[in-house]
Amino acid sequence: MPSQPTTLLQGTLDLLILKSLAAGELHGLGISRRIQQMTGGTFVVKPGSLFPALHRMEEEGWTSSFWGDSENNRRAKYYRLTKAGRRQLEAESRRWGRISWAIAQALEAS
Amino acid sequence: MPVLVKARSLLRNLFSTRRVERDLDLEVRSHLQLLIDENLRAGLPPKEAERAARIELGGPEQVKEQVRDKRLGHGLHSLIADCRFGARQLYKNPGFTLTVVLTLALSVGANTAIFSLVNALLLKSLPYPHPERMGTIYTRIAGSSAASDERHNVNGEQWQLLRDNVPALISAVSGVRASGVNLKAGSHVDYVQDGRVSAHYFDVLALQPISGRNFSEEEDRPNGPKAAILSYNLWRNVFGADPGILGQPILLRSEPYTVVGVLPEGATTPLNADVYTPLQPDREGEGRGTNFRCIIRLRDGATGQEADAQINRTWLSRTGRYELAGNPGAKVSYHSVPLQKGQTDSLRPQVLALMLAAGLILLIACANLAGLTLVRMMRRTPEVATRLALGASGWQIQRQFWIENLLLALVGGAFSVGVGFLALKELFLLLPEHLLPVASMPLDARVMVFTLAVSILTSVLFGMLPALVARRVDLRSSMASRTVAGSGNLRLRQALIAGEVAITVMLLGGSGLLIRSLTHLETLPPGFNPNGVVVAKASLDDVRYHDPATFQKLLEQSTAAMRQIPGVQNAAVGLDLPYEFIGNDWVTLDDGKEAGQQGGADWVYVTPGYFETLQMPLLAGRVFTNVDGPNSQHVVVVNQSFARKFYGGTNPVGRYIDKDMLIVGEVADVPISSGLDPVAPLQTEQTMYFPAAQLDRPLLALLHIWHQPDWIVRTAGPVEGLTSAMQRALAAADPNLPASGFYSMKDLLARTLGTQRIEVALLGAMAALALLLSAVGIFALVANMVAQRTREIGIRMALGSSIGQVMVQFGRSGAAASLLGLVLGLALCAGALRVMRSVIYGVGVYDSTTMLFTVLTLAAVTLLAVAVPTLRIASIDPARTLREE
């Protein structure tokens, strides 16, 4: 598998996950649905991508997790942003802003 | 702190694997449940809801595996898993594992032991501050036939010039070795080693007494005050660590010496003595000859070049240049060398040769292990093929394989430290005392690192070949055939065996030559009857015995008392005995056509009865009697070599030497250890025997510093309690004269041939190890072939081959490899063994007996190693083998 798109996707996924948690704590499915909702259904995050990313981000110290009860009283693992996570979100947002602006510029150029 | 968080995660992933896994499992399950709930809420029927949820999740195990792959420490985790798998594989193959570990333990262990020797002698710094500034002086003689560059002992003139005219150095001299003397403490007499040293000796070593001081220059002057410095052990063991010992007299050599200092615990010197006294070196007496050993230390700020220039300037201006005697026109110069090199130079070739032999053992072990792992690799081809088919990468397979090798190397290495330790202990017991200039050979950090490095290197060497072979595993053919086709590797394995056999032949040839040489030395015609002689040595380095009359009285009384011991036939005293190191002097012939001729000759004093006691045949004239006293004609007995060298073999009786000494007899030659012209460790040489009764005072004082006389008795058979009876006889003449040791002539012979015996023991052990490893290699080759081709054997036998034919067929591969190795090894011997020319005596490098011994030993071992595995063929039942396939 070529590596370039993966890293780009991974960075995007991290940003989306961080953004989805900005409003408050969510469990895995909640994050997945929130991303779907935020991007108008463009990104559907499969569990096979979501969980490795979640665990990695927790190891990075951007999120922390705890076990809680879901809306209909199921045990679920919830994630929330840490301080480092918020900083990362800001940094990633800025970086993404720069990239998208640059890409847009590049596409507009004739 | 992200770093802390990361570290915590890593630790948790590595050590709380179970909890992390359970958490992950619960999370994935809960996710599935949430998905099902969502679908149910959307109105799907329960069955459909679960199906859709499972499709979206995409397999819980895969999700978990994806999480695991991304975890911190994933690489380490899989490494541990690989190690576990490897360890399990090794555990499941105990035969293979045991063979490899034993091979490694023995071969690496041999290297550990020999390297410890190299380390202690050549690498480890001397235990003194700034050892790199310490040295000794080498004399380089060029431009003559006898070119050399080595440490010489120095004479009194050299010493005084060095002390006074070389300001770049702190210099000191000592006696050549410590002398055994008697120390009287209270009513008790102890035999101790006295190191005679000049002032500043301890300054060169940078040793400061824990109490008291070093010798002053006043104490080092001839006839200066008699002072003593005690070693810590002597102070503690003999003087009970008496703090008031300073300033007290102790009785050494029957004279009072004032204690001026005590050395620190564990302090060593090159002399390794119990007590130190001032040498008081001078140009007279001892200082006339080169009887001092010199050590130097560069002063702060001075350089080696300055020192060398100063040494050359002052020593080249000497009047008496002994280096030029018999060597006219030679160019002589001097240079300082590091003390460690100076002390170990003579041992260096032997030690390095041993290291080389140990390296060869390692090569043999590698060849063996490569063969073994190759077979194992072949056997595992189906497993490897299965793993490749299941998606393992080539790298993963290789990694697994190398991890197993490394595990073997580490286990083998750990055992080899134990083997090395035991070997070293044995080695130290084997060595004669004071052969090595070091007190211990520790297994220190450097040795440990060496052992680890060698183990890993070995595993890389023996793993390389199978790893290369494994890369060529062909998936389809390996999966298809259940049996392993190993025939393609047979040639390779045979080549490995041939190589190791060739090395073994070389080691066998080398040790064979050493054994032949030792046997030659040990069975030299003795020229006397060594059986039934018992020897007592005692130190006469004692001021009372400088007086010829007292000395004479002691000899007469003690030998008379010894003759009274029941079972003793005869008794005498001599300095020295056959097989011993013998002093020498220049002699001038005074009459006939040889008048004025000069030459060196060995020098022995004896009491009447010496020749009878040793049963040395008298060839002409007479031996000494009690008539040869201090006031009668000075007489001398010479040996056959003397007559041959100086008188062309004619009868020497009646001739005069050294002005007024009359030769009265000629006796047979005996083998001695020569200091005159040593070409072999034992040889016969021109020797003069003098009556003890005719020695003068200065000579008595000097001789007994260097040598201890031997009291000898001859018995017809073993006598119970003979040594204590001899001690009582000595005490009857002088109650303060303890014997320093008792020996048989065999002991003295063994002592003189100590180096040769060790060479034989060490190289012999290496050769035996090589032989064992080669035998294991040949055995494994044949045994594997038999095991792999059981079916073929079954078919052959079913088709009418006899058991014998099949056995020959299979044994041939091992025998052929061995034969090839033998031929190769003999060719190598022809070239390599020539370097041994200087250490073998009485036997040529191309010695047919040694070659025959080598060939026969190898043939016997090969036969055994081939025969044992082929015997299994006899138990193969063709019918059953064929059914099993």
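Colleague: In chain A, what share of contacts between residues at least 6 apart in sequence join residues at least 24 apart?

Modeller: That share is 47%, where two residues are in contact if their C-beta atoms, placed from the backbone, lie within 7 Å. Bear in mind that this is a predicted model, in which local features need pLDDT of at least 70 and side-chain atom pairs count only at pLDDT 80 or more, while totals for chains, interfaces and linings use all residues. Residues are numbered from 1 along each chain as its sequence is written, and chains are lettered from A and ligands numbered from 1 in the order in which they are written.

Colleague: Thanks! How many helices and strands does chain A have?

Modeller: Chain A has four helices and three strands, taken as DSSP runs numbered from the N terminus (helices are H or I, at least four residues; strands are E, at least two). Along the sequence they follow the pattern α-β-α-α-β-β-α.

Colleague: And what percentage of chain A is buried?

Modeller: Of its 110 residues, 26% are buried, meaning that 20 or more other C-beta atoms lie within 10 Å of the residue's own, with C-beta atoms placed from the backbone. The C-alpha atoms of chain A fill a box of roughly 55 × 30 × 25 Å along the principal axes.

Colleague: Let's turn to the interface. How many residues of chain B are in contact with chain A?

Modeller: On chain B there are 21, in contact with 20 residues of chain A. Helices H1 (2-15), H2 (17-41) and H4 (60-70) of chain B each supply at least two residues of that side of chain B. H2(B) gives the largest share, seven residues.

Colleague: What's the makeup of that side by class?

Modeller: It has eight nonpolar, seven polar and six charged residues. Here Ala, Val, Leu, Ile, Met, Phe, Trp, Tyr, Cys and Pro count as nonpolar, Asp, Glu, Lys and Arg as charged, and the others, Gly among them, as polar.

Colleague: New topic: at roughly what angle do H6(B) and H25(B) cross?

Modeller: Helix H6 (residues 94-123) and helix H25 (residues 754-788) of chain B cross at roughly 160 degrees, and their axes come within 11 Å. The axes are lines fitted to C-alpha atoms over the stretch in contact, with angles from 0 to 180 degrees between N-to-C directions. H6(B) and H25(B) are therefore roughly antiparallel, a term for angles over 145 degrees.

Colleague: Which residues of H25(B) make the contact?

Modeller: B:Met766, B:Leu769, B:Leu773 and B:Val776 do, against B:Thr99, B:Thr103, B:Leu106, B:Ser107 and B:Ala110 of H6(B). By class, the residues of this contact are six nonpolar, three polar and no charged.

Key:
Parallel < 35°, antiparallel > 145°, perpendicular 65-115°, else oblique. Buried ≥ 20, exposed ≤ 12 C-beta atoms within 10 Å, placed from the backbone.
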